[in-house]
Amino acid sequence: MQIAIDGPASSGKSTVAKIVATKLGFVYVDTGAMYRSATVLAQQLGLDYGDEAGLMAELTKADIQFQPDEAGQKVFLNGLDITLAIRTPEITNNVSQVSALPAVRTEMVDRQRQIAEQGQVVMDGRDIGTTVLPDAKVKIFMVASAKERAKRRYAENTAKGIMTPLATLQAEIELRDQKDSTRAVSPLRKADDAIEIDTTKLLIDEVVAEILTIAKQNM
Ligand code: CDP
Ligand code: CDP
């Protein structure tokens, strides 16, 4: 069984997907972390974020690994722990440029499908229901107002000591959504057979309960 969860930035996908996966005993796959890892690789190589050929020369050989831990999961790129590096503002603000590169998408989608072939998964991203796992039994499209999503990012940042103003965060989120929704290759889009959940006014537990109910109806 496959559960696909897509939606814009900070709609609650990864938080909810992780809990749903744990409750069902499925593997959680954070595809955003894969595109973020590719962006860190471009940064390490000193490449322009639009340099597709330069990045692909290394990305095809790159070892990207996820390791579950108490705080969620650790991410390793060629053996190096990049868990914190993939969440810096530099990477967040440039990942949409890297993820729009067609060859990068082909490589990542290939890896994501290989993981899904190995067992039952909850996979979250932007194109899971439309492109990566078009036959997924359960497809969720999670949305929330841009203002609420910016507030969530703000709370996360404050906890980490990052003091970016709320209005800046909202503008960054809206710009990233716009880039992700308008790119040529598998843009962020609700699959025709996806169920939309608006999380603006919902608690994490309420969203989890709703998805578990939908999943159980489809098992
Ligand atoms: O957690 P957040 O919503 O900030 O983003 P993410 O899920 O970590 O994804 C980071 C970026 O990766 C997105 O803004 C997209 O540009 C890209 N992405 C994508 O293109 N396709 C996916 N399946 C997942 C992420
Ligand atoms: O993966 P995505 O970018 O869609 O969002 P996330 O990283 O799961 O969630 C962003 C933040 O919103 C996290 O700090 C969550 O705890 C919080 N959140 C929330 O407050 N209420 C929800 N219903 C879902 C997430």
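These legends walk through several close-up views of one protein model.

**About the model.** The structure is a predicted model, in which local features need pLDDT of at least 70 and side-chain atom pairs count only at pLDDT 80 or more, while totals for chains, interfaces and linings use all residues. Residues are numbered from 1 along each chain as its sequence is written, chains are lettered from A and ligands numbered from 1 in the order in which they are written, and side-chain values use heavy atoms, with hydrogens and water left out.

View 1. The unreviewed UniProt entry lists residues 3–216 under "domain: Cytidylate kinase". UniProt positions are given here in the numbering of this model, with shortened feature names, and such annotations may be inferred rather than shown by experiment. In the model, this span is 52% helix and 17% strand, and its end C-alpha atoms lie 11 Å apart. Helices (H or I, at least four residues) and strands (E, at least two) are DSSP runs, numbered from the N terminus. Under "binding site", the unreviewed UniProt entry lists G7, P8, A9, S10, S11, G12, K13, S14 and T15. One of these, A9, sits in the loop between β1 (2–6) and α1 (13–24). A9 counts as buried because its relative accessibility is 2%; buried means under 20% relative accessible area, exposed over 50%, and partly exposed in between (1.4 Å probe, protein chains only).

View 2. Look for β6 at residues 121–125, where 5 of its 5 residues are buried. V121, M123 and G125 point one way from β6, whereas V122 and D124 point the other way. Two strands pair if DSSP finds at least two bridges between them. β1 runs parallel to β6, and 5 bridges join them; here the partner of I5 is D124. β2 also pairs with β6 in the parallel sense, over 4 bridges. On that side, D30 stands opposite D124.

**View 3. The contacts of D30.** D30 belongs to strand β2 (residues 27–30). With a relative accessible area of 8%, D30 is buried. A polar atom of the D30 side chain lies 3.1 Å from the backbone nitrogen of A33. The side chains of D30 and R87 are joined by a polar contact of 3.4 Å. A polar contact is a pair of N or O atoms within 3.5 Å; within protein, one must be able to donate a hydrogen and the other to accept it, and residues adjacent in sequence count only if both atoms are side-chain atoms.

**View 4. An open antiparallel sheet of 3 strands.** The strands follow the order β3-β4-β5, and their pairing is antiparallel. At the edges are β3 (64–69) and β5 (80–81), each of which pairs on one side only. β4 is largely enclosed by the rest of the structure, because 5 of its 6 residues are buried. Between β3 and β4 there are 6 bridges, with P68 standing opposite Q73. These two strands form a hairpin with 2 residues between them.

**View 5. D48 in a loop.** This view turns to D48, found in the loop between α2 (31–44) and α3 (52–59). D48 is exposed, with a relative accessible area of 55%. The D48 side chain reaches the backbone nitrogen of G50 at 2.8 Å. D48 and V98 are 50 residues apart along the chain, and their C-alpha atoms are separated by 9.6 Å.

View 6. L166 lies in helix α8 (residues 166–182) and is partly exposed, with a relative accessible area of 33%.
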